[in-house]
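Me: Pick one loop in this model and take a close look at it. Then set that loop against the rest of the fold. Keep it brisk.

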Amino acid sequence: NITDVDDKIIEASKKKNKSIKEITESVTKIFHKNCESLNCQKPTEEPKATEHIKGMIEMTSSLIKKGFAYENKGHVYFSVSAFKNYGKLSNKNLDELKAGNRIEVSDLKKDPMDFVLWKPSDSKDPGWESPWGRGRPGWHLECSVMSEKYLGKNFDIHGGGLDLIFPHHENEIAQSCCAFETPFMAKYWMHNGYITVNNEKMSKSEGNFITVRDALKRFSGEVIRYSILSGHYRSPINFS
């Protein structure tokens with residue numbers, strides 16, 4: 001799916017003085033070109049988050065009705081303690097997750113681990129009318145709504161980077177299982193390792209960040225693809 005509304009995009013649009021549509025369309029164009037250069041097959045569906053706001057509002061309302069979420073001053077939070085299997089994917093209990101991760105602190109939450117499903121938007125930011133006022137969805141919610149629409153309440157494989165296991169994928173599982181009353185979201189979770197450069201993690205601050213476009217100046221798309229596929233998907237791969 002294409003995430004075309006979130007806090008980072010809003011922040012970038014303000015910094016660059018460009019509309020959110022301009023930013024998301026230009027980045028999507030680069031992404032499509034990169035996929036084409038690496039010989040990736042086109043997906044059957046490629047939904048955009050902004051096209052599924054109605055479903056996100058409906059799912060949030062359902063979670064509130066079922067007692068898994070609560071509203072406070074235009075914010076709607078998922079109550080993590082209401083989902084007994086939270087932490088199963090990362091194989092950690094709530095205390096371990098609290099201790100080892102950065103959690104968004106807010107006085108509006110009943111518990112520090114609770115995560116946002118819907119948040120208010122001011123007049124300058126993108127927003128949609130909802131039962132809790134004008135606002136926008138949380139990032140985790142977007143993925144659950146779109147995957148259910150196109151793949152169903154349960155599906156076989158869910159992929160992503162190792163860095164998404166917590167909190168993103170844990171949150172997806174929690175809200176999907178509770179909203180759709182299913183014992184699981186996906187049968188198999190496949191998390192890929194990082195690509196390092198000269199045995200160091202890619203980082204903009206270190207100045208060793210290489211994009212697909214940078215690599216294409218030196219190598220063909222087939223060579224880059226072969227290099228990435230040369231190791232086990234869960235292992236880190238060194239690009240040099």
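Reply: Helices and strands here are DSSP runs, numbered from the N terminus; a helix needs at least four residues and a strand at least two. The model is predicted.

Start with the loop. Arg134 sits between E3 and strand E4 (135-137). Is Arg134 buried, exposed or partly exposed? Its relative accessible area is 30%. Buried means under 20% and exposed over 50%, so Arg134 counts as partly exposed.

Next, its surroundings. Set aside the neighbours of Arg134 within four places in sequence. The contacts of Arg134 are then Pro120, Ser121, Asp122, Ser123, Asp125, Pro126, Gly127, Trp128 and Glu129. For distance across the model, take Thr211. It lies 77 residues from Arg134 along the chain, and their C-alpha atoms are 37 Å apart.

That separation belongs on a wider scale. The C-alpha trace spans about 55 × 40 × 35 Å along its principal axes. Eight helices and nine strands make up the secondary structure. The radius of gyration is 19 Å, close to the 18 Å given by the globule rule for 240 residues, so the protein is as compact as a globular protein of that length. Of those 240 residues, 40% count as buried. Among contacts with a separation of 6 or more, 68% join residues 24 or more positions apart. The accessible surface comes to about 14,800 Å², and carbon and sulfur atoms hold 51% of that area.

Now the interior. In soluble globular proteins, nonpolar side chains tend to be buried together. Here the largest nonpolar core has 34 residues. Met59, Leu63, Phe78, Phe83, Tyr86 and Leu117 touch the most other members. Strand E3 (115-120) is among the elements that give this core two or more residues. The others are helix H3 (53-65), strand E2 (75-78), helix H5 (139-151), helix H6 (165-180) and strand E6 (186-192). H6 gives the largest share, seven residues.

Leu63 shows how sequence regions meet. Beyond four places in sequence, Leu63 is in contact with Phe68, Ala69, Phe78, Leu117, Gln175, Cys178 and Ala179.

On to the aromatic rings. There are five aromatic pairs. Phe78 and Phe115 form a stacked pair, with 5.1 Å from centre to centre and 15° between the planes. This pair links distant parts of the chain: Phe78 is in strand E2 and Phe115 is in strand E3, 37 residues apart. Both Phe78 and Phe115 are buried.

Another pair, Phe219 with Phe239, is edge-to-face. The centres are 5.8 Å apart and the planes make an angle of 90°. Phe219 is in the loop between helix H7 (212-216) and helix H8 (221-228), while Phe239 is in strand E9, 20 residues apart. Phe239 has 12%, so it counts as buried.

Three strands form an open sheet in the order E8-E7-E9, with mixed pairing. Strand E8 (200-201) and strand E9 (237-239) are the edges, each pairing on one side only. E9 runs parallel to strand E7 (residues 195-197), and three bridges join them. Within E9, Asn238 is the bridge partner of Thr196.

Notes. Residues numbered from 1 in each chain as written. Predicted model: local features only at pLDDT ≥ 70, side-chain atom pairs only at ≥ 80, totals over all residues. Heavy atoms only, no water. Core = buried A, V, L, I, M, F, W, Y, C linked by side-chain atoms within 4.5 Å. Buried < 20%, exposed > 50% of the residue type's maximum accessible area, 1.4 Å probe, protein only. Contact = heavy atoms within 4.5 Å. Pairing = 2+ DSSP bridges. Rg over C-alpha atoms; globule rule 2.2 N^0.38 Å. Areas by Shrake-Rupley, 256 points an atom, 1.4 Å probe, with all protein chains shown as cover. Phe/Tyr/Trp six-rings, centres within 6.5 Å; stacked < 30°, edge-to-face > 60°.
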